[in-house]
Amino acid sequence: MLNSIKITNFALIAELEVEFCKGLNVLTGETGAGKSIVLDALNFVLGERADKDQIRSGEKHTAVTAVFDISNNAGAKEAVNSFDLGSGDNLLIVSRKLTLEGKNEVRVNGSVVSLNMLRGITSLIVDVYGQHEHQSLLKPASHIEFVDGLDSAGIAAIKTRLDGQIKELNTVESNINAIGGSYEERARKLDVLGYQANELEGAKPKAGEFAELTEQMRKMQNTEKVVSGVKSALELLDLDDSLYNAKKQLSVLSSIDTETGKNSERIAGLEIELADIKAALNDLLVSYDFSQADFNEIDLRIDSYKTLARKYVCSPDELPGRLEQIRQEIELLNNGAETLGRLNKEKTRILAEIDTVCAELTALRTALSRRFEQAINPELKTLGMKSAEFKVRIGGYDDIEFMFSANLGEPLKPLVKVISGGEMSRFMLAFKAVSGASDGIGTLVFDEIDNGISGNMGQIVAEKMFEISKSAQIIAVSHLPQIAAMADTHFIIEKQTRGGKTISNIAVLNASQRIAEVARLAGGKDGSAIARSHASEMLEYAKNLKNKI
């Protein structure tokens with residue numbers, strides 16, 4: 001539902017913030033006071049086409065912010081999450097700004113979004129009548145959702161079964177494709193796979209070999225540098241005679257000074273360590289003893305790995321695994337006839353089950369559609385559309401469209417092509433009276449749908465609007481006293497003059513003010529005791545009636 005809207009520099013509105021309530025919100029006021037401007041501002045923030053003429057005279061921009069409660073709107077939550085626009089505490093904050101230069105800035109929960117993204121979200125929250133952009137009933141693709149919403153649990157149960165069968169079918173078809181289908185196709189695949197297996201087996205790829213070859217090549221490419229360095233180190237480590245002489249000199253002195261004896265032993269240890277180091281370096285030299293033939297052999301082997309890897313679209317290290325995969329595919333194809341027969345039988349069984357479930361789905365949707373028609377046609381007549389006829393066309397389990405005829409003798413045609421704005425508003429009242437909140441739309445906005453309605457029909461429309469407002473928030477601009485009297489919250493929109501400029505202002509009416517406004521709407525003279533008495537009676541009647549609905 002719409003919690004609040006803040007409007008800045010929009011048409012006649014300088015600065016305005018309105019908090020709406022649950023139930024039936026009614027906006028009234030003198031002709032030209034700007035009642036529809038509030039709805040125009042709402043359409044603006046919902047993503048309707050904007051015009052720079054909407055910017056208040058003398059200002060550089062207009063801005064509108066709307067706050068919605070989407071705690072009970074699963075569709076809106078899913079859309080918000082799909083765009084990664086986190087909804088916080090189940091609130092959706094939408095803002096839009098338009099400058100004189102034509103720059104549009106649109107934000108949802110603080111994040112900049114496109115107008116298409118905005119419309120995609122707000123179309124799940126608000127339906128505006130008769131502005132067509134947000135009318136979900138004027139989108140044929142949504143008609144199936146309306147029908148399914150009449151028994152969401154039953155439809156969901158069938159869809160769950162259908163989804164499982166489709167997944168099973170996809171798995172079977174994938175296995176059939178892997179086998180190759182016909183005998184000729186399997187033979188062709190076997191020929192290709194046999195060539196690939198022979199090629200890879202001829203190359204004899206081994207796990208870990210490519211890494212080893214790469215390391216050997218790296219060593220070969222650095223042979224000259226390493227050998228030269230090691231030989232230089234060995235020359236510098238040619239200390240055998242020096243260490244021997246030093247050890248002997250200290251050993252002679254050990255009888256005079258025991259410490260010199262200990263140092264002699266330490267030199268002996270150095271001789272051993274030095275011998276180990278020199279041995280290790282000589283072993284290293286041996287490991288770098290490569291011939292040109294060795295280099296060429298490793299280079300060719302590495303090139304072979306890389307060539308095959310490019311051909312089989314894998315890394316060189318993955319070639320052994322690719323060969324094993326090909327061998328498994330060959331084995332599967334060699335046993336293909338038997339396996340294919342089993343899989344085709346399984347596919348036939350699954351397709352038959354899918355047909356059965358689809359028939360169940362169509363049957364349920366047909367039953368729901370017929371009940372829907374039987375319920376909505378009387379509602380249309382109650383709302384003054386005596387000759388109107390509504391029907392749901394079902395062309396398949398997922399092909400559904402609403403058909404409509406407003407006049408006796410006129411053939412049924414697609415509702416989206418033939419229904420007028422006034423007819424759509426009353427059709428929506430009938431639809432909502434039947435479907436309740438099943439379509440998930442939380443807020444309905446009606447802009448003077450009561451044009452051309454008066455007397456008893458006005459009372460019927462008022463009661464219908466209140467009935468619907470028990471399951472969906474309604475915001476209505478009206479000139480009918482019957483609708484105003486049924487309001488849960490009654491707003492007055494008035495023109496005022498400030499600083500030489502005309503502005504529109506809105507306020508919630510108290511009990512006394514409501515009596516005066518209902519009296520005015522009923523055509524009574526200002527301040528007339530009779531008019532006020534009649535208005536009081538209307539409000540009291542509405543109060544008692546609302547307690548019964």
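Predicted model: local features only at pLDDT ≥ 70, side-chain atom pairs only at ≥ 80, totals over all residues.

Trainee: Why is strand S13 (residues 473-477) called largely enclosed?

Mentor: Buried means under 20% relative accessible area, with exposed over 50% and partly exposed in between (1.4 Å probe, protein chains only). Five of the five residues of S13 are buried, so the rest of the structure largely encloses this strand.

Trainee: How do you know that both faces of S13 are covered?

Mentor: In a regular strand, side chains alternate between the two faces of the sheet. On one side sit Gln-473, Ile-475 and Val-477, on the other Ile-474 and Ala-476, and all are buried.

Trainee: What makes S12 (residues 443-447) a partner of S13?

Mentor: Strands are DSSP runs (E, at least two residues), as helices are (H or I, at least four), numbered from the N terminus. Two strands pair if DSSP finds at least two bridges between them. S12 and S13 have five, running parallel, so they pair. Thr-443 stands opposite Gln-473, and Val-445 has Ile-475 as its bridge partner. Strand S3 (residues 24-28) also runs parallel to S13, with four bridges; there, Leu-24 faces Ile-474.

Trainee: Which strands stand at the edges of the sheet, and why are they edges?

Mentor: The open sheet has six strands in the order S8-S12-S13-S3-S14-S15, with mixed pairing. S8 (126-129) and S15 (501-508) each have a single partner strand, so one side of each lacks a neighbour in the sheet.

Trainee: Now the helices: why are H6 (residues 183-203) and H11 (residues 292-311) called roughly antiparallel?

Mentor: Axes are lines fitted to C-alpha atoms, for helices over the stretch in contact, and angles run from 0 to 180 degrees between N-to-C directions. Under 35 degrees counts as roughly parallel, over 145 as roughly antiparallel, 65 to 115 as roughly perpendicular, and the rest as oblique. These axes come within 11 Å and cross at roughly 160 degrees, so the pair is roughly antiparallel.

Trainee: What makes the contact between them?

Mentor: Contact means heavy atoms within 4.5 Å. Tyr-195, Glu-199, Leu-200 and Ala-203 of H6 meet Arg-301, Leu-308 and Lys-311 of H11.

Notes:
Residues numbered from 1 in each chain as written. Heavy atoms only, no water.
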